[in-house]
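Here are some notes to read alongside the model.

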Amino acid sequence: MTAAVAEYPRAGGASLKRNRRWALFTSYFFLILFAIFFLTPPYYMIVTSLKSDAEVAHLASNPWIIANGVTLEQYRLLFRETDFLIYFKNTVIVTLCVVTITMVVSVLAAFSLSRMRFWGSGILATGIFLTYLIPDTLLFIPLFQIVRGLGLLNSYWSMVLVYPTLTVPFCTWIMIGYFQSIPKELDEAALIDGAGHMQMLLKIFIPVALPGIIAATIFAFTVSWAAFVYPIAFLFSADQQVLTVGTVTSLIKADVYKWGMLMAGALVAAAPPLIVYAFLMDYYIAGLTAGATKG
Amino acid sequence: MADVALRDVVKRFDEVEAVRNISLNIPDSEFVVLVGPSGCGKSTTLRMIAGLEEVTEGEILIGGNVVNDVPPKDRDIAMVFQNYALYPHMTVFENMSFGLRLRRTPKAEIRARVEQAAKILDITELLDRRPKQLSGGQRQRVAMGRAIVRNPKVFLFDEPLSNLDAKLRVQMRTEIKRVHQKVKTTTVYVTHDQVEAMTLADRVVVMNGGRIEQIGRPHDLYHRPKTHFVAGFIGSPAMNFLPARLQPNGEALMLRLSPELAFPVPPAHAARYRPSVGKDLIFGLRPEHITEPRGEERDPRYEFSMTVDVIEPMGMETMVFFTVHGKEVCARVEPTAAKPPGQPIRLYANLNHMHLIDPATESVL
Amino acid sequence: MVDIVRRYPGQLAKPAFQRRAGMRQFVRRRTTIAFLMCLPLIVIVAGLIIYPALYSIFLATLNKAQTRFLGLGNFSYLLSRDTFWMVIEQSAIFALTAVFFKALIGLVTAHLVNNLPSKGQRKWRGMLLVPWVIPLALSTLGWWWLFDPTHSAFNWLIRGFGGTDVPWLSDPYWARFSVILVNVWYGAPFFLIMYLAALKSVPEQLYEAAQIDGANAWQRFLHITLPMMQNIIAITVLFSLIVTFANFDIVQIMTAGGPRNMTHVFATYAFLLGIRSGDLPLGAAVSLFMFPILAVSAVFILRGVRKRGREIG
């Protein structure tokens with residue numbers, strides 16, 4: 001004990017520093033391993049999409065690198081010779097509509113549920129969260145019947161109808177959380193300043209909860225962009241198809257898989273969410289974690 | 001400008017009575033402070049005047065009109081909140097002008113009024129900043145500016161200084177007083193801090209348990225409290241309370257505090273206290289009236305010796321704590337007269353300022 | 001003052017009880033507005049979630065042509081089929097294994113990232129979250145290409161190290177492994193983000209206090225980090241369990257349930273029977289088997305979220 005105390009100031013300082021450096025080194029080492037695991041598929045997709053068909057088919061060469069020169073031929077083929085742009089346009093239309101509907105519906109509802117009371121509003125708030133937990137794979141069969149009944153089968157407008165089931169509950173849920181975190185005094189100040197319900201929502205709540213609005217919008221956007229179950233079940237002709245299903249199923253035409261072009265298609269289709277993510281990462285993450293920490 | 005009146009106002013939240021039958025008249029341009037411990041109903045009262053809470057029973061009048069059913073925006077009031085409630089996404093200018101813009105006041109007039117209010121509060125350079133970029137004191141000024149700009153009939157303040165540090169609080173207190181002297185708007189101010197209440201108010205309303213304990217000028221509350229609660233609440237450090245009994249001593253009265261300690265009641269008080277002889281009473285005396293023996297014409301009968309428990313030097317004076325019959329008592333002595341803990345000290349009780357409280361009615365005799 | 005008189009002309013003269021009525025009307029109006037604001041939400045939730053969910057129960061009791069009521073016929077038919085038992089088994093294996101590894105990898109990577117100097121954390125977090133951002137159907141396509149029987153880039157590496165080709169998707173057991181691998185790859189970043197957020201919410205002072213009390217890194221993790229994160233771990237695991245149980249994209253794209261139906265999960269099997277073979281009632285019955293596990297998880301999640309809401313206050 002006495003020896004340790006006597007020795008501590010010098011040796012302790014040095015070993016603390018060494019320990020910390022060692023911990024940092026192992027952290028980096030393992031993080032690099034995980035990063036390789038996480039980034040391998042996108043890397044390989046990019047590499048493949050930049051190769052010529054001949055190099056993709058060549059079995060002996062190293063598939064992980066581009067040996068015979070970078071070519072944009074696959075992208076040219078994708079845009080010129082396939083229906084990819086139609087899928088893209090359809091997806092844009094569907095996503096825009098769904099995001100708009102989602103945000104209007106969920107912001108109005110969240111405002112009402114976070115600040116006003118009416119009969120059943122407490123149950124409704126809980127119910128919304130529960131409905132978010134009902135997955136699309138449980139609903140797509142009855143919805144198929146309903147969509148068919150409405151005559152919307154094989155029309156991308158059916159996507160505008162059914163995608164809100166994926167987005168509205170969660171967006172409402174996180175908006176309730178964001179709105180509840182606005183101090184009550186702020187409404188009271190606005191009330192005294194003379195604001196009505198709509199002015200309160202538009203001039204106070206939405207601007208103050210803007211990070212939440214952005215997070216919810218990003219969520220609605222990525223979900224409608226990536227949806228797969230509903231379109232694969234409800235859409236079958238190329239002119240109505242959306243990107244996910246179109247890329248995965250319709251681009252595969254002949255017996256020979258055009259892997260280079262498929263990868264190009266997948267990458268272009270994945271680009272919009274990735275771009276949004278690159279620019280709004282913090283909002284994206286806030287939206288992701290909001291479900292469990294708010295409300 | 002307007003007077004405010006509360007008539008038999010009651011507020012119930014479900015079964016809980018937060019405010020129990022309050023009546024209060026506030027004449028035009030008076031500065032009234034509602035003070036009391038948390039949960040005494042002072043904030044609820046203020047919020048009812050603002051229209052943020054419904055009145056369960058009774059009436060509230062502003063400018064002679066019953067406003068029970070008038071929504072807040074039409075009551076022509078302005079309110080300053082404890083956490084300022086500034087709109088975080090608006091600049092100071094936008095914050096201050098929000099109410100006017102909602103009322104569609106002409107742009108030029110808005111600008112003129114905001115600038116004038118900014119000048120009064122000395123925040124002209126801050127008009128383009130956002131609340132986040134302001135210090136606590138500056139936010140407080142902006143919150144007041146937002147109220148002044150509206151030029152309302154009544155200002156309502158809900159503990160506006162409790163989020164500030166001690167130094168700033170004193171500074172802003174002066175500021176509020178200065179503004180009130182300038183604009184002379186009827187003001188209702190809520191605080192739990194009795195010093196704030198004493199320094200700011202024309203009249204103080206002491207509340208406790210949803211009732212008004214006493215209404216009066218600061219000086220009156222301090223020197224002539226009507227109830228046990230007011231006597232203990234107003235003044236810092238608080239008044240000393242000791243159980244006591246009055247004993248007849250011929251013509252005079254003796255005040256017995258413990259088997260060892262008794263003082264003659266000053267003749268000026270004797271007549272008033274005579275009916276209470278023999279009852280269990282509470283004796284109250286402020287710390288500043290227990291000092292070291294000082295001055296020329298002191299009466300040796302009021303001198304006594306005690307053992308010091310704890311001392312708290314404050315600079316100008318020193319608080320000396322000792323125990324009488326198991327109760328802690330505080331005296332306020334010159335720093336030079338203070339003795340270290342454990343040592344005896346000679347003290348003098350100035351009973352001309354004494355209070356006697358009947359514990360049965362809680363009222364001051 | 002004049003304003004008020006003008007705006008509320010009758011009011012001052014009215015007796016008290018009528019004013020009360022006015023107040024009640026005001027409150028009722030407010031309630032109506034609140035309800036109207038919720039109405040679109042109610043319509044969507046009721047019309048497109050609740051109604052279809054209930055409708056699917058009804059649907060599941062019909063025959064293929066939806067002309068005859070079968071009662072529990074579809075369910076008993078399913079339970080009599082070996083294939084369906086295999087679907088149940090594979091769904092359970094798929095969900096439990098995948099969630100376990102996602103949670104583990106998420107916890108480990110969250111700690112690793114949290115160890116870094118705060119400057120670099122953002123960059124690493126951004127990089128590690130990429131799998132979650134790519135639409136799953138599209139990244140699965142990339143994986144499929146990585147697993148391609150003749151061109152597999154993994155096999156090329158394995159051959160380089162002297163191994164033999166792995167039948168990633170053609171052997172049933174390897175195929176099960178592959179779909180789980182892809183799911184872990186896709187879902188682990190979600191756990192990483194949730195745990196990282198939870199780690200950040202643990203007050204630094206607790207660690208400092210524990211350090212002074214003599215706790216080493218492992219003890220600090222065990223006695224401070226884990227208990228503080230307990231709730232968020234539970235919520236995330238249950239939530240992921242639901243999502244993984246209901247997963248469709250990966251299996252549908254990579255194996256479509258094959259080989260020998262051994263990779264089918266509820267969702268793909270329901271799709272096969274309901275949409276591809278056109279027997280909607282039978283498909284609905286398959287989906288409904290997911291319901292109990294979802295309901296149980298949902299109840300626990302809700303409890304956790306509420307508790308957490310209270311903790312945060």
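**Notes on the predicted model**

1. Let me begin with chain B, whose secondary structure amounts to 9 helices and 22 strands. Please keep in mind throughout that this is a predicted model.

2. On the overall dimensions of chain B: taken along the principal axes, its C-alpha atoms fill a box of roughly 80 × 45 × 35 Å. Of the 365 residues in chain B, 40% are buried. If you look at contacts in chain B with a separation of 6 or more, 66% of them are accounted for by residues 24 or more positions apart.

3. How is chain B divided into domains? The assignment gives domain 1 as 4–233 and domain 2 as 240–364. The centres of these two domains of chain B, taken over C-alpha atoms, are separated by 39 Å. Their contact takes 7 residues from domain 1 of chain B and 8 residues from domain 2 of chain B. On the domain 1 side, the classes are 3 nonpolar, 3 polar and 1 charged.

4. A residue worth a click is B:Phe241, which you will find in strand β11 (residues 240–249) of chain B. Is B:Phe241 buried, partly exposed or exposed? B:Phe241 has 18 other C-beta atoms within 10 Å, and therefore counts as partly exposed; the cut-off for a buried residue is 20 or more.

5. Leaving aside residues up to four places away in sequence, B:Phe241 touches B:Gly232, B:Ile282 and B:Gly284.

6. Turning to chain A, the domain assignment gives domain 1 (2–73) and domain 2 (82–293). The C-alpha centres of these two domains of chain A lie 35 Å apart. In chain A, 7 residues of domain 1 are in contact with 6 residues of domain 2.

7. Which elements give two or more residues to the side of domain 1 of chain A that touches domain 2 of chain A? They are α1 (2–49) and α2 (53–57) of chain A. The largest share, 4 residues, comes from α1(A). By class, this side of domain 1 of chain A holds 3 nonpolar, 2 polar and 2 charged residues.

8. Next, the interface between chains C and A, where 79 residues of chain C are in contact with 77 residues of chain A. Helix α2 (residues 16–59) of chain C gives the most to the chain C side, with 18 residues. The residues on that side of chain C divide into 62 nonpolar, 14 polar and 3 charged.

9. Helix α6 (residues 136–149) of chain A packs with helix α13 (residues 266–276) of chain C at an angle of about 10°, and their axes are 9 Å apart. The two helices, α6(A) and α13(C), are therefore roughly parallel to each other, since angles under 35 degrees count as such.

10. Which residues meet in this helix pair? From α6(A) come A:Thr137, A:Ile141 and A:Phe144, and from α13(C) come C:Ala267, C:Ala270, C:Gly274 and C:Ile275. The residues of the contact of α6(A) with α13(C) are 5 nonpolar and 2 polar, with no charged ones.

Methods. Residues numbered from 1 in each chain as written. Chains lettered and ligands numbered in written order. Predicted model: local features only at pLDDT ≥ 70, side-chain atom pairs only at ≥ 80, totals over all residues. Axes fitted to C-alpha atoms, helices over the stretch in contact; angles between N-to-C directions. Parallel < 35°, antiparallel > 145°, perpendicular 65-115°, else oblique. Contact = placed C-beta atoms within 7 Å. Nonpolar A, V, L, I, M, F, W, Y, C, P; charged D, E, K, R; others polar. Buried ≥ 20, exposed ≤ 12 C-beta atoms within 10 Å, placed from the backbone. Domains from an automatic or database assignment.
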